Amino acid sequence: MVEISGLCVNYRDEKGNTFTALGDVDLNIPRGGRLCIVGPSGCGKTTLLLAMAGLVQPCAGSVKVGGAEVTTPRTDVSVILQEYGLFPWKTVYENVALPLKMRGEDAGEKVEQMLKTLGIDDKRCAYPHALSGGQRQRVAIARALVSRPELLLMDEALGALDFAVREQLEELLFSLWQQRSLTLVLVTHDLDEAVFLGEKILVFSEKGGAPELLDNTADGKGRDSAEFSEMRALLRRKMRGESV
Ligand SMILES: Nc1ncnc2c1ncn2[C@@H]1O[C@H](COP(=O)(O)OP(=O)(O)OP(=O)(O)O)[C@@H](O)[C@H]1O
Ligand SMILES: [Mg+2]
């Protein structure tokens, strides 16, 4: 689904100096895969996600989605950023219907279904300011999924929520992934979230260098299992750059 090879992304600072945010990343995510990306602040996680979304351009290497080079945002890819990106002047219903309206598609039934799935149908007429953080997050997920994307990219999207709501939404995401043939890529600073949702986990180390792709040996094992704790401990050591 996603093929990244030799990806390098540079930014220019205010003085015009070039800064390399990502240097030489290789990554393959199969269709229907679940990848979590973890690493220290500033290591390039968001940049990698934006490159997959076609929102930043590589200075070298390539990013392909579904076999085609990504140069601009695609309609079959949805992105949820940390700030949710809801329009404050639109109701819950209008926010969720937006991607379909923009494509000139009929919204009614699909939006109703999505609101029900996410448990926010009683909030359809509310504006975002009158919702809790968890409800806003559900609206963002509903809006991202209503157009039935092939690929869902999420950047620290559950970060601002308390742990109970967060775990609930993680479980919801997992079941949505099961129901649809969705490919999921999730950036998180929460190692539990990475172990719960990742089939594979891409780890950037504090020491720099290329990120390492790990198989999540605790995938599907449950949060209280020994495998879960072991995997979380392994991630922590890898992030610190310790040899394991
Ligand atoms: N638009 C930009 N212009 C210049 N530099 C940028 C820009 N966006 C990001 N950077 C720099 O690129 C590096 C990687 O940023 P990125 O946002 O990808 O990190 P991150 O891993 O997502 O960090 P965090 O965990 O804090 O969100 C950082 O050093 C950041 O300062
Ligand atoms: Mg980031």
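## Helix 2 against helix 4

Helix 2 (residues 92-102) packs on helix 4 (residues 133-145) at an angle of about 30°, and their axes are 7 Å apart. Helices here are DSSP runs of H or I with at least four residues, strands are runs of E with at least two, and both are numbered from the N terminus. The axes are lines fitted to C-alpha atoms, for helices over the stretch in contact, with angles from 0 to 180 degrees between N-to-C directions. Helix 2 and helix 4 are therefore roughly parallel to each other (angles under 35 degrees count as roughly parallel, over 145 as roughly antiparallel, 65 to 115 as roughly perpendicular and the rest as oblique).

The structure is a predicted model: local features need pLDDT of at least 70 and side-chain atom pairs count only at pLDDT 80 or more, while totals for chains, interfaces and linings use all residues. Residues are numbered from 1 along each chain as its sequence is written, and chains are lettered from A and ligands numbered from 1 in the order in which they are written.

Helix 2 passes helix 4 in a right-handed crossing (right-handed if the near helix is turned clockwise from the far one by less than a right angle, left-handed if anticlockwise). On the helix 2 side the contact uses Val92, Asn95, Val96, Leu98 and Pro99, which meet Val139, Ala142 and Arg143 in helix 4. By class, the residues of this contact are 6 nonpolar, 1 polar and 1 charged. Contact requires C-beta atoms, placed from the backbone, within 7 Å. Ala, Val, Leu, Ile, Met, Phe, Trp, Tyr, Cys and Pro count as nonpolar, Asp, Glu, Lys and Arg as charged, and the others, Gly among them, as polar.

## Helix 2 against helix 3

The axes of helix 2 and helix 3 (residues 108-117) come within 10 Å and cross at roughly 130°. That makes helix 2 oblique to helix 3. This crossing, too, is right-handed. Tyr93, Val96, Ala97 and Leu100 of helix 2 make the contact with Lys110, Val111, Met114 and Leu115 of helix 3. Its residues comprise 7 nonpolar, no polar and 1 charged.

An open sheet of 4 strands has the order 2-1-4-5, with antiparallel pairing. Strand 2 (18-29) and strand 5 (68-69) are at the edges with a single partner strand each, so one side of each has no neighbour in the sheet. Two strands pair if DSSP finds at least two bridges between them. Strand 1 (residues 2-12) and strand 4 (residues 60-65) are antiparallel and share 5 bridges; valine 2 stands opposite valine 65 in strand 4.

Strand 7 (residues 151-155) runs parallel to strand 8 (residues 183-187) over 5 bridges, and aspartate 155 has valine 187 as its bridge partner in strand 8. Strand 3 (residues 34-38) and strand 9 (residues 200-203) run parallel, joined by 4 bridges; cysteine 36 stands opposite isoleucine 201 in strand 9. Strand 9 and strand 10 run antiparallel, also joined by 4 bridges, and valine 203 has glutamate 212 as its bridge partner in strand 10.

## The shell around ligand 1

Ligand 1 is surrounded by 13 residues, of which the closest are Tyr11, Ser41, Lys45, Thr46 and Thr47. A residue is near the ligand if its C-beta atom, placed from the backbone, lies within 6 Å of it. Strand 2 and helix 1 (45-53) each supply at least two residues of the shell, and helix 1 gives the largest share, 3 residues. The shell consists of 4 nonpolar, 7 polar and 2 charged residues.

Terms used:
Contact = placed C-beta atoms within 7 Å.
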